[in-house]
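I opened the model to note its overall build and then one residue. The entries follow in the order I looked things up.

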Amino acid sequence: MSPLDDTGAPVPVPDRVRRVVSIVPSLTETVAVTAPGLLAGATDWCTRTAGLDVPRVKGTKNPDLERIAELRPDVVLGNTEENRPADVEAMRAAGIAVWMTEIRTVDEALASLRRMLAEACRVPVPGWLDEASRVWSDVAPGEPRTAIVPIWRRPWMVVGRDTFTGDVLSRLGVSNLYAGHPDRYPKIALDELNAVGAGLVVLPDEPYRFTADDGPESFPGVDVALVDGRYLTWYGPSLTEAPAALARQLAAARPY
């Protein structure tokens, strides 16, 4: 009987997996750290681990499906937020086993990665994942703050409801002002963002690369925290370091 991925779809993974193609950067890092010999392909955006030398299959939103098929993967790893259903359906129609993750909280990330590694990749659960579980169970929230979390500009887009990013911040004491918005990543005019009364603006360096010179000037007089987007949005080995790193970056927030 085939194991079920996060969406409940049966995935015909062989008993021994030798070739994995990942079309999500954080999942690529997860496999690269845990069982690097399995990686047979990754997207152009998969930058971790350093020096990763595998065939590239274009991006998360436009994967090269013919190239993926040529790589003869035992399983392709994807994510419901990062990858398009049409691409997943096309790969499955071509007889490729595709394991989809669906992650919107830290707890879901820990459980999903454990299942993916054990059932989709057929490898033992790594020590770093146990460490990540321990680290997050010990997190003590910092000073309560209400924030907006832009992820893009031109147009401005922010983190809305039911996101991994929002859950990460909530565990650190930061409430997302747009957590109740109907959209997960709503477009909000800058005038409104400056009028909603947020005490903090959290600016990650991905997907838009906010920097000290690009972003903070749009929020005069408000504390701005520049944070590492990998710790805020990636689920993988970075989970072990994320709480401490983000706590430091949030504590350093200041007006620009």
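I call a residue buried under 20% relative accessible area, exposed over 50%, and partly exposed in between, using a 1.4 Å probe and protein chains only. By that rule, 50% of the 256 residues of the chain are buried.

I note that the model is predicted, so local features need pLDDT of at least 70 and side-chain atom pairs pLDDT 80 or more, while totals for chains, interfaces and linings use all residues. Numbering runs from 1 along each chain as its sequence is written, and side-chain values use heavy atoms, without hydrogens and water.

I looked up the secondary structure and found nine helices and 10 strands in the chain. These are DSSP runs numbered from the N terminus: H or I of at least four residues for helices, E of at least two for strands.

I checked the overall dimensions next. The C-alpha atoms fill a box of roughly 55 × 35 × 35 Å along the principal axes. The radius of gyration, taken over C-alpha atoms, is compared with 2.2 Å times the number of residues to the power 0.38. For 256 residues a compact globule would come near 18 Å, and the chain's 19 Å agrees.

I count a contact when heavy atoms lie within 4.5 Å. Among the chain's contacts with a separation of 6 or more, 60% join residues 24 or more positions apart.

Last, I looked at threonine 28, which sits in helix 1 (residues 25–34). Threonine 28 is buried because its relative accessible area is 0%. Beyond neighbours within four places in sequence, threonine 28 contacts Ser22, Leu39, Ala42, Cys46, Arg48 and Leu52.
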